[in-house]
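I opened my notebook to look up the pockets in this one. Here is what I had on screen.

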Amino acid sequence: MKYEKLSKIFYKDGEQFFEKEIERRKNCYGSYLTSLSIQGFRKGRLLNETYNLFYVNTHKLMVLNNQVLLNSSKITTLVSKLPPYVIEPYFQKLIVNEAQSNNEIEGIRSTKKQLKEVLNDLSKPDSKHKRFRGLMKTYFFISKIKPFKDITDFRKLYDQLVSDEINQEDEPDGELFRKGYVEVNDGTSTTHIGLESETKIIEALHSLIRFLDNENHLELYRYMVAHYYYEYIHPFYDGNGRTGRLLVCSYLSRYLDRYSAITFSYAVNKNKSKYYKALEEIPSPLNKGETTFYLIDMLELLKTGQEGIIEDLELNLAKLERIQTYFQSEKWTEKGEARYLLQLMTSLHAFVDDDTSMSVTELMEMSKSTRYKINKIMQDLEEQGYVELVNQRPKTYKIREEFLESVLL
């Protein structure tokens, strides 16, 4: 028997069968009830009905859960095959993609170049890049974000991540969160109304923390339901989407791997309509708080993001194999340090970013060599047409496109 949405059953089979089906779903062997309560919502207004969130662990949901776990294992295996000097730059590329997607979802203007500059300056306390610094810092250390144990943890995430980006009139006006009215509007109608007072927000966040610790629910289901409930609470006037997606990413990072976690917003941005529709269907009076189909949609988005990373890793590992074969030829066997530096730069250029450039200082750090020696090697490589000088101060080089093509094609 096909597992269908309750709303479809209501119109197809009638109200009596609909009511029986609700009871069956809530009391069957595969059903999971939660203590998270939401208020019904329809056509831009809140209803008097309340529902406790629940889901049924259907065959499709179990298959998706297993596929996500297998993909995570495959990503970990592929990453283990990367040269050590590629791993962090590749992860930073994913951070930039994720942050850019997160901003695009929220309608915030940023460029990948701008975000990359902020990321590169994170270690500098006096950096001139203040905007998006909290966003990039939080993504960079995503695997170090600790589980949420107190409601102040939600405020800390907000302060670290988005507080510098919030307009003054949208800053929290309660002790920790907002105390006034907030709604979400898609441009034509109201699609959600957040909890109406800071007291209710605090109560709901306490419930959310207890749910995140409830091991009766499988991890991926728990984290995705928690993501919805956080968005339902809407504890701030602005910044809920970004903090909510990072909340789920932090848990995914600990449970799966940091690469799977960091791609969630990227996958959402490629299919925003699916994401928002899944969120908006849950409080419908014909849905009764069921999150089964929402979970299916979220795991499909996560799986899609993972598949993108797997495809990217496999393609670039094939490129790396070609690069390694090229530099094993007799032409390079006696080149020593020049061979190492050029292979390193070629690999980063092909694998991470076709605009990758490296300063003499960076090359000194990676090769543990002197400035004089690096300057001499890079000057020779430039004269031979392998690299080009792109900046004098600091002296910075990048691989020539013609050379890269001769290696890869």
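Which residues lie nearest the centre of the second largest pocket? I found Val-184, Thr-191, Glu-231, His-234 and Tyr-276 there, among the 21 residues that line this pocket. This is a predicted model, so noted: local features need pLDDT of at least 70, side-chain atom pairs count only at pLDDT 80 or more, and totals for chains, interfaces and linings use all residues. Residues are numbered from 1 along each chain as its sequence is written, and side-chain values use heavy atoms, leaving out hydrogens and water.

I wrote down what a pocket is: on a 1 Å grid over the protein atoms alone, an open set of points where a 1.4 Å probe fits, with protein on both sides within 12 Å along at least five of seven lines; lining residues have an atom within 4 Å of a point.

I put the second largest pocket at about 470 Å³. Its largest lining share, 4 residues, comes from α13, which spans 272-281. I sorted the lining into 8 nonpolar, 7 polar and 6 charged residues.

Then I turned to the largest pocket, with a volume of about 1,600 Å³. Closest to its centre, out of 36 lining residues, are Gln-92, Lys-116, Asn-120, Ser-357 and Glu-362. I saw that α4 gives the most to this lining, with 7 residues. The lining of the largest pocket divides into 12 nonpolar, 10 polar and 14 charged residues. It draws at least three residues from each of domain 1 (34-53 + 61-313) and domain 2 (334-408).

Terms used
Grid points are joined across faces, edges and corners, and a volume is the space filled by probe spheres set on the points. Helices (H or I, at least four residues) and strands (E, at least two) are DSSP runs, numbered from the N terminus. Ala, Val, Leu, Ile, Met, Phe, Trp, Tyr, Cys and Pro count as nonpolar, Asp, Glu, Lys and Arg as charged, and the others, Gly among them, as polar. Domain bounds come from an automatic or database domain assignment.
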